[in-house]
Amino acid sequence: MNKGLLIVICGPSGAGKGTVHDAVLACMPQIRRSISVTTRLPREGEVEGVNYYYRTLAQYQQMIAHGEFLETASVFDNYYGTPKAAVMETLASGYDVMFEIDVAGARQIKAKYSESILIFIMTPDFKTLEARLRGRGTESEASLKTRLTGARVELMQYQMFDYIVFNDKIEDTVMRVEAIIHAEKSRIRRNTERIEGILAE
Ligand code: 5GP
(Lines give C-alpha, C1' and ligand atoms only; values in the text may rest on other atoms or scores of the structure.)
Protein backbone atom coordinates (compact mmCIF):
# COMPACT_ATOMS: atom_id res chain seq x y z
CA MET A 1 0.00 0.00 0.00
CA ASN A 2 1.21 3.51 -0.78
CA LYS A 3 1.31 5.84 2.18
CA GLY A 4 -0.97 8.85 1.73
CA LEU A 5 0.58 12.08 0.49
CA LEU A 6 0.38 15.43 2.24
CA ILE A 7 0.14 17.99 -0.55
CA VAL A 8 0.43 21.64 0.42
CA ILE A 9 -0.66 24.37 -1.98
CA CYS A 10 0.68 27.86 -1.22
CA GLY A 11 0.94 31.14 -3.01
CA PRO A 12 0.01 34.79 -2.71
CA SER A 13 -3.59 35.90 -2.81
CA GLY A 14 -4.47 36.60 -6.42
CA ALA A 15 -2.20 33.88 -7.83
CA GLY A 16 -5.11 31.51 -8.24
CA LYS A 17 -4.18 28.87 -5.66
CA GLY A 18 -7.79 28.43 -4.51
CA THR A 19 -8.95 27.73 -8.05
CA VAL A 20 -6.08 25.30 -8.63
CA HIS A 21 -6.75 23.55 -5.33
CA ASP A 22 -10.48 23.10 -6.10
CA ALA A 23 -9.86 21.96 -9.69
CA VAL A 24 -7.26 19.35 -8.66
CA LEU A 25 -9.57 18.01 -5.94
CA ALA A 26 -12.43 17.73 -8.44
CA CYS A 27 -10.24 15.66 -10.80
CA MET A 28 -8.47 13.45 -8.26
CA PRO A 29 -10.92 11.64 -5.99
CA GLN A 30 -8.19 9.92 -3.98
CA ILE A 31 -7.24 13.31 -2.53
CA ARG A 32 -9.28 14.74 0.34
CA ARG A 33 -9.39 18.39 1.29
CA SER A 34 -8.24 19.43 4.74
CA ILE A 35 -10.85 21.71 6.31
CA SER A 36 -9.21 24.40 8.42
CA VAL A 37 -10.37 26.10 11.59
CA THR A 38 -10.48 29.91 11.53
CA THR A 39 -11.34 32.79 13.81
CA ARG A 40 -12.54 34.91 10.90
CA LEU A 41 -16.26 35.29 10.31
CA PRO A 42 -17.90 33.33 7.49
CA ARG A 43 -18.24 35.21 4.21
CA GLU A 44 -21.54 35.19 2.41
CA GLY A 45 -22.25 31.71 1.07
CA GLU A 46 -19.63 29.98 3.20
CA VAL A 47 -20.77 27.01 5.25
CA GLU A 48 -19.53 25.67 8.62
CA GLY A 49 -17.69 22.40 8.10
CA VAL A 50 -17.51 22.88 4.34
CA ASN A 51 -15.32 25.96 3.86
CA TYR A 52 -13.99 26.21 7.41
CA TYR A 53 -14.84 25.45 10.99
CA TYR A 54 -15.56 28.92 12.42
CA ARG A 55 -14.50 29.38 16.04
CA THR A 56 -14.15 32.27 18.48
CA LEU A 57 -10.68 33.35 19.52
CA ALA A 58 -11.23 31.78 22.96
CA GLN A 59 -12.27 28.45 21.40
CA TYR A 60 -9.30 28.61 19.05
CA GLN A 61 -6.86 29.27 21.88
CA GLN A 62 -8.29 26.31 23.76
CA MET A 63 -7.68 24.10 20.72
CA ILE A 64 -4.06 25.32 20.65
CA ALA A 65 -3.69 24.55 24.37
CA HIS A 66 -5.03 21.03 23.77
CA GLY A 67 -2.52 20.45 20.97
CA GLU A 68 -5.24 19.95 18.37
CA PHE A 69 -3.42 21.63 15.47
CA LEU A 70 -0.96 20.24 12.97
CA GLU A 71 -0.05 23.85 12.22
CA THR A 72 -1.47 27.24 13.05
CA ALA A 73 -0.73 30.74 11.78
CA SER A 74 -2.04 34.27 11.85
CA VAL A 75 -2.99 35.50 8.37
CA PHE A 76 -4.36 39.00 7.70
CA ASP A 77 -5.31 39.50 11.40
CA ASN A 78 -7.11 36.18 11.88
CA TYR A 79 -5.99 32.74 13.01
CA TYR A 80 -6.08 29.73 10.74
CA GLY A 81 -5.13 26.18 11.63
CA THR A 82 -5.23 22.60 10.42
CA PRO A 83 -6.92 20.15 12.79
CA LYS A 84 -4.57 17.22 13.33
CA ALA A 85 -7.10 14.44 14.02
CA ALA A 86 -8.99 14.84 10.74
CA VAL A 87 -5.77 14.69 8.71
CA MET A 88 -4.56 11.57 10.53
CA GLU A 89 -7.93 9.83 10.01
CA THR A 90 -7.91 10.66 6.31
CA LEU A 91 -4.37 9.35 5.86
CA ALA A 92 -5.22 6.21 7.84
CA SER A 93 -8.17 5.57 5.50
CA GLY A 94 -5.72 5.46 2.58
CA TYR A 95 -6.43 8.88 1.06
CA ASP A 96 -4.05 11.72 0.25
CA VAL A 97 -4.69 15.10 1.87
CA MET A 98 -4.44 18.52 0.24
CA PHE A 99 -3.98 21.77 2.17
CA GLU A 100 -4.41 25.31 0.91
CA ILE A 101 -2.55 27.25 3.58
CA ASP A 102 -0.11 30.12 4.03
CA VAL A 103 3.68 29.84 3.92
CA ALA A 104 4.11 29.87 7.73
CA GLY A 105 1.75 26.88 7.98
CA ALA A 106 3.53 25.10 5.13
CA ARG A 107 6.83 25.51 6.95
CA GLN A 108 5.38 23.85 10.08
CA ILE A 109 4.00 20.92 8.08
CA LYS A 110 7.32 20.38 6.27
CA ALA A 111 9.17 20.47 9.61
CA LYS A 112 6.90 17.74 11.02
CA TYR A 113 6.50 15.71 7.83
CA SER A 114 9.58 16.02 5.65
CA GLU A 115 7.84 13.82 3.06
CA SER A 116 5.08 16.41 2.50
CA ILE A 117 5.01 18.01 -0.94
CA LEU A 118 5.06 21.80 -1.01
CA ILE A 119 3.83 23.45 -4.20
CA PHE A 120 3.99 27.21 -4.71
CA ILE A 121 1.52 28.75 -7.17
CA MET A 122 2.71 32.09 -8.57
CA THR A 123 1.71 34.45 -11.35
CA PRO A 124 4.31 34.83 -14.13
CA ASP A 125 5.44 38.11 -12.47
CA PHE A 126 4.38 40.72 -9.91
CA LYS A 127 2.83 42.97 -12.58
CA THR A 128 0.35 40.21 -13.42
CA LEU A 129 -0.36 39.65 -9.72
CA GLU A 130 -1.15 43.34 -9.21
CA ALA A 131 -3.38 43.37 -12.30
CA ARG A 132 -5.28 40.31 -11.05
CA LEU A 133 -5.77 41.79 -7.58
CA ARG A 134 -6.98 45.08 -9.09
CA GLY A 135 -9.23 43.17 -11.48
CA ARG A 136 -11.02 41.51 -8.54
CA GLY A 137 -12.04 44.95 -7.34
CA THR A 138 -12.29 43.69 -3.75
CA GLU A 139 -9.20 45.33 -2.26
CA SER A 140 -8.62 48.87 -1.08
CA GLU A 141 -5.35 50.52 -2.16
CA ALA A 142 -3.87 49.84 1.31
CA SER A 143 -4.93 46.19 1.30
CA LEU A 144 -3.52 45.82 -2.22
CA LYS A 145 -0.14 47.11 -1.08
CA THR A 146 -0.22 44.74 1.95
CA ARG A 147 -0.96 41.77 -0.30
CA LEU A 148 1.73 42.68 -2.84
CA THR A 149 4.33 43.08 -0.08
CA GLY A 150 3.13 39.80 1.44
CA ALA A 151 3.49 38.09 -1.94
CA ARG A 152 7.13 39.19 -2.18
CA VAL A 153 7.85 37.95 1.37
CA GLU A 154 6.25 34.59 0.53
CA LEU A 155 8.16 34.18 -2.75
CA MET A 156 11.43 35.05 -1.00
CA GLN A 157 10.97 31.80 0.94
CA TYR A 158 10.95 29.77 -2.30
CA GLN A 159 13.87 27.57 -1.16
CA MET A 160 11.64 25.66 1.21
CA PHE A 161 9.27 24.55 -1.59
CA ASP A 162 9.57 21.41 -3.69
CA TYR A 163 7.83 22.86 -6.76
CA ILE A 164 6.73 26.16 -8.23
CA VAL A 165 4.03 26.35 -10.90
CA PHE A 166 3.59 29.64 -12.77
CA ASN A 167 -0.10 30.17 -13.26
CA ASP A 168 -0.40 31.62 -16.72
CA LYS A 169 -3.33 29.57 -18.04
CA ILE A 170 -5.37 27.87 -15.32
CA GLU A 171 -5.90 24.61 -17.29
CA ASP A 172 -2.13 24.25 -17.81
CA THR A 173 -1.48 24.99 -14.14
CA VAL A 174 -3.97 22.34 -12.98
CA MET A 175 -2.41 19.84 -15.39
CA ARG A 176 1.07 20.56 -14.03
CA VAL A 177 -0.01 20.17 -10.41
CA GLU A 178 -1.68 16.85 -11.28
CA ALA A 179 1.50 15.74 -13.06
CA ILE A 180 3.55 16.56 -9.94
CA ILE A 181 1.21 14.47 -7.78
CA HIS A 182 1.29 11.53 -10.21
CA ALA A 183 5.09 11.67 -10.34
CA GLU A 184 5.35 11.82 -6.54
CA LYS A 185 3.08 8.78 -6.24
CA SER A 186 5.30 6.88 -8.67
CA ARG A 187 8.48 7.40 -6.63
CA ILE A 188 10.27 4.12 -5.98
CA ARG A 189 10.47 4.78 -2.24
CA ARG A 190 6.68 5.08 -2.09
CA ASN A 191 6.21 1.79 -3.91
CA THR A 192 8.72 -0.57 -2.33
CA GLU A 193 6.11 -2.68 -0.51
CA ARG A 194 4.09 -3.13 -3.66
CA ILE A 195 7.16 -4.02 -5.71
CA GLU A 196 8.32 -6.51 -3.05
CA GLY A 197 4.80 -8.00 -3.05
CA ILE A 198 4.94 -8.51 -6.80
CA LEU A 199 8.39 -10.05 -6.51
CA ALA A 200 7.14 -12.42 -3.83
CA GLU A 201 4.23 -13.71 -5.96
P1 5GP B 1 -9.33 33.26 3.45
O2 5GP B 1 -9.67 34.04 4.66
O3 5GP B 1 -9.30 34.13 2.21
O4 5GP B 1 -10.18 32.04 3.28
O5 5GP B 1 -7.83 32.71 3.64
C6 5GP B 1 -6.80 33.60 3.88
C7 5GP B 1 -5.46 32.88 3.88
O8 5GP B 1 -5.38 31.93 4.94
C9 5GP B 1 -5.16 32.12 2.59
O10 5GP B 1 -3.88 32.52 2.15
C11 5GP B 1 -5.13 30.67 3.02
O12 5GP B 1 -4.18 29.95 2.27
C13 5GP B 1 -4.74 30.76 4.47
N14 5GP B 1 -5.22 29.60 5.24
C15 5GP B 1 -6.43 29.00 5.16
N16 5GP B 1 -6.51 27.96 6.00
C17 5GP B 1 -5.31 27.88 6.64
C18 5GP B 1 -4.76 27.00 7.63
O19 5GP B 1 -5.38 26.05 8.11
N20 5GP B 1 -3.49 27.26 8.04
C21 5GP B 1 -2.74 28.29 7.54
N22 5GP B 1 -1.51 28.42 7.99
N23 5GP B 1 -3.22 29.13 6.60
C24 5GP B 1 -4.49 28.94 6.16
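**Stop one: helices 5 and 6**

Select helix 5 (residues 126–136) and helix 6 (residues 141–155): they pack at an angle of about 145 degrees, with axes 11 Å apart. Helices here are DSSP runs of H or I, at least four residues, numbered from the N terminus. Axes are lines fitted to C-alpha atoms over the stretch in contact, and angles run from 0 to 180 degrees between N-to-C directions. Now show side chains: F126, L129, E130, L133 and R134 of helix 5 touch helix 6 through E141, L144, K145, R147, L148, A151, R152 and L155, where contact means heavy atoms within 4.5 Å.

A word on the model: it is predicted, with local features needing pLDDT of at least 70 and side-chain atom pairs counting only at pLDDT 80 or more, while totals for chains, interfaces and linings use all residues. Residues are numbered from 1 along each chain as its sequence is written, and side-chain values use heavy atoms, with hydrogens and water left out.

**Stop two: helices 1 and 7**

Next, select helix 1 (residues 17–27) and helix 7 (residues 170–185), whose axes come within 10 Å and cross at roughly 60 degrees. That makes helix 1 oblique to helix 7, because angles under 35 degrees count as roughly parallel, over 145 as roughly antiparallel, 65 to 115 as roughly perpendicular and the rest as oblique. Color T19, V20, A23, V24 and C27 in helix 1, then find their partners I170, T173, V174, V177, E178 and I181 in helix 7.

**Stop three: the ligand**

For K17, the corresponding distance to an oxygen atom of the ligand is 3.3 Å. Finally, select E71: an N or O atom in its side chain is 2.7 Å from a nitrogen atom of the ligand. Polar contacts like these are pairs of N or O atoms within 3.5 Å.

Conventions. Helix = DSSP H or I, 4+ residues; strand = E, 2+ residues; numbered from the N terminus. Polar contact = N/O pair within 3.5 Å; in protein donor to acceptor, adjacent residues only side chain to side chain.
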